[in-house]
Amino acid sequence: MNFDILMKVQEEKEKLADTWKAIKDIEMELEFLYSREPDEVVYISSLEKKLDKLYEEIDQISDENN
């Protein structure tokens, strides 16, 4: 039983780390688009929506851990 709990905690940590990496990547891409390609409104808005979903996932994971 302890092994199952340990595996779940490890999976949550990995998911959290992967989500933060994805957030960082999207934020960097958005910064580039804001400065170099501000006319790409549709693409920028799709990235912003994706970013919002990732932050919601972070919140959900954090709430589950507390």
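In the predicted model, the axes of helix 1 (residues 2–36) and helix 2 (residues 41–65) approach to within 10 Å of each other and cross at roughly 155°. Because angles over 145 degrees count as roughly antiparallel, helix 1 is roughly antiparallel to helix 2. The crossing of the two helices is left-handed, and the contact that helix 1 makes with helix 2 comprises, by class, 16 nonpolar, two polar and eight charged residues.

Helix 2 consists of 25 residues and spans 36 Å between its first C-alpha and its last, a value close to the 36 Å expected at 1.5 Å a residue. Within this helix, the buried residues include Ile44, Leu47, Leu51, Leu54, Ile58 and Ile61, and helix 1 is included in what covers the buried residues of helix 2. An α-helix has 3.6 residues a turn, so residues three or four places apart point the same way.

When its neighbours within four places in sequence are left aside, threonine 19 is in contact with Leu54, Glu57 and Ile58.

Note on methods
Residues numbered from 1 in each chain as written. Predicted model: local features only at pLDDT ≥ 70, side-chain atom pairs only at ≥ 80, totals over all residues. Heavy atoms only, no water. Axes fitted to C-alpha atoms, helices over the stretch in contact; angles between N-to-C directions. Helix = DSSP H or I, 4+ residues; strand = E, 2+ residues; numbered from the N terminus. Parallel < 35°, antiparallel > 145°, perpendicular 65-115°, else oblique. Left-handed = near helix turned anticlockwise from the far one by under 90°. Nonpolar A, V, L, I, M, F, W, Y, C, P; charged D, E, K, R; others polar. Expected span 1.5 Å × (residues − 1). Buried < 20%, exposed > 50% of the residue type's maximum accessible area, 1.4 Å probe, protein only. Contact = heavy atoms within 4.5 Å.
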